Amino acid sequence: MDGSLGPAKSAAKAVFDTLVAAVLLVALAPVLLGCAALIKCAGGGEPVLETEARLDHRGTVFELLGFRIPAGRWVGVLIEKHSLHRLPELLNVLRGDMSLVGPRPRPLHEAPDVNPSLRPGLTGLWALSVGTSEEWPDIERRYARTWSIGGDIAILARTIAAVRYKL
């Protein structure tokens, strides 16, 4: 197998991603607004959000969203320590730029490992430190071959637990 999800699984994954991202954005709205307010107060007029150009699953550039981390401020330390700066990536999931679970979004200077069925993920096995960089292509192909909603839920749960224990 080539590591492709196929049309039915890709559609199911996209629906799952959209629904879960929407629910998470609503549930985390107070946290998102609190982070934005803290950054705005500490930022001296700087924007709350920042973007970084990344490559998607087809090698197309998209803007990865994130909270700006105020340098040298307790707010920045707090937001970065608890990975709160990544919460705006849920908007990337809603826009269809990313998936909840998938390969790591590639910076522009890296050659994309183009797999048209695997959008880059907010989290994934890469975030859980499974494997080495040389093993990633095989891990991503195996992930696509064995993909299930239950598997994505397990990876999301492991990611939440890992972030939670950083608190």
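Predicted model: local features only at pLDDT ≥ 70, side-chain atom pairs only at ≥ 80, totals over all residues.
**Notebook: cavities, pockets, strands and helices**

A cavity here is a set of points, on a 1 Å grid over the protein atoms alone, where a 1.4 Å probe fits but cannot get out. Grid points are joined across faces, edges and corners, and a volume is the space filled by probe spheres set on the points.

Residues are numbered from 1 along each chain as its sequence is written, and side-chain values use heavy atoms, with hydrogens and water left out.

**Second largest cavity**

I looked up the second largest cavity and got about 70 Å³ of space. Its lining residues (those with an atom within 4 Å of a point) include Val-101, Pro-103, Trp-126, Trp-136 and Tyr-143. Helix H5 (residues 136–145) gives the most to this lining, with four residues. Helices are DSSP runs of H or I with at least four residues, strands are runs of E with at least two, and both are numbered from the N terminus. By class I get seven nonpolar, two polar and one charged. For the classes, Ala, Val, Leu, Ile, Met, Phe, Trp, Tyr, Cys and Pro count as nonpolar, Asp, Glu, Lys and Arg as charged, and the others, Gly among them, as polar.

**Largest pocket**

Next came the pockets, meaning open sets of points with protein on both sides within 12 Å along at least five of seven lines. The largest pocket holds about 770 Å³ of space. I count 22 lining residues, with Ser-83, Leu-87, Thr-159, Ile-160 and Val-163 nearest its centre. H1, strand S5 (121–123) and helix H6 (149–164) are the elements that give two or more residues to this lining. The largest share, six residues, comes from H6. The lining has 16 nonpolar, four polar and two charged residues.

I went back to Ser-83, which is found in the loop between helix H3 (74–81) and helix H4 (89–95). Its phi is near 60°, a positive value in a residue other than glycine.

**Second largest pocket**

This one has about 290 Å³ of space. Of its 15 lining residues, Glu-52, Arg-54, Leu-64, Arg-86 and Glu-89 are the closest to its centre. Strands S1 (49–55) and S2 (61–67) each supply at least two residues of the lining. I noted six nonpolar, three polar and six charged residues here.

**Strands**

S1 and S2 turn up again in an open sheet of three strands, in the order S2-S1-S4 with antiparallel pairing. Strands pair if DSSP finds at least two bridges between them. S2 and S4 (106–107) are the edge strands, each pairing on one side only. S1 and S4 pair over two bridges, and I found Arg-106 in S4 as the bridge partner of Leu-55.

**H1 against H2**

Last, I checked how H1 (residues 7–27) and H2 (residues 29–43) pack: the angle is about 60° and the axes are 4 Å apart. So H1 is oblique to H2. Axes are lines fitted to C-alpha atoms, for helices over the stretch in contact, with angles from 0 to 180 degrees between N-to-C directions; under 35 degrees is roughly parallel, over 145 roughly antiparallel, 65 to 115 roughly perpendicular and the rest oblique. Leu-25, Val-26 and Ala-27 of H1 meet Ala-29, Pro-30 and Leu-32 of H2 in the contact, where contact means heavy atoms within 4.5 Å. I logged these contact residues as six nonpolar, no polar and no charged.
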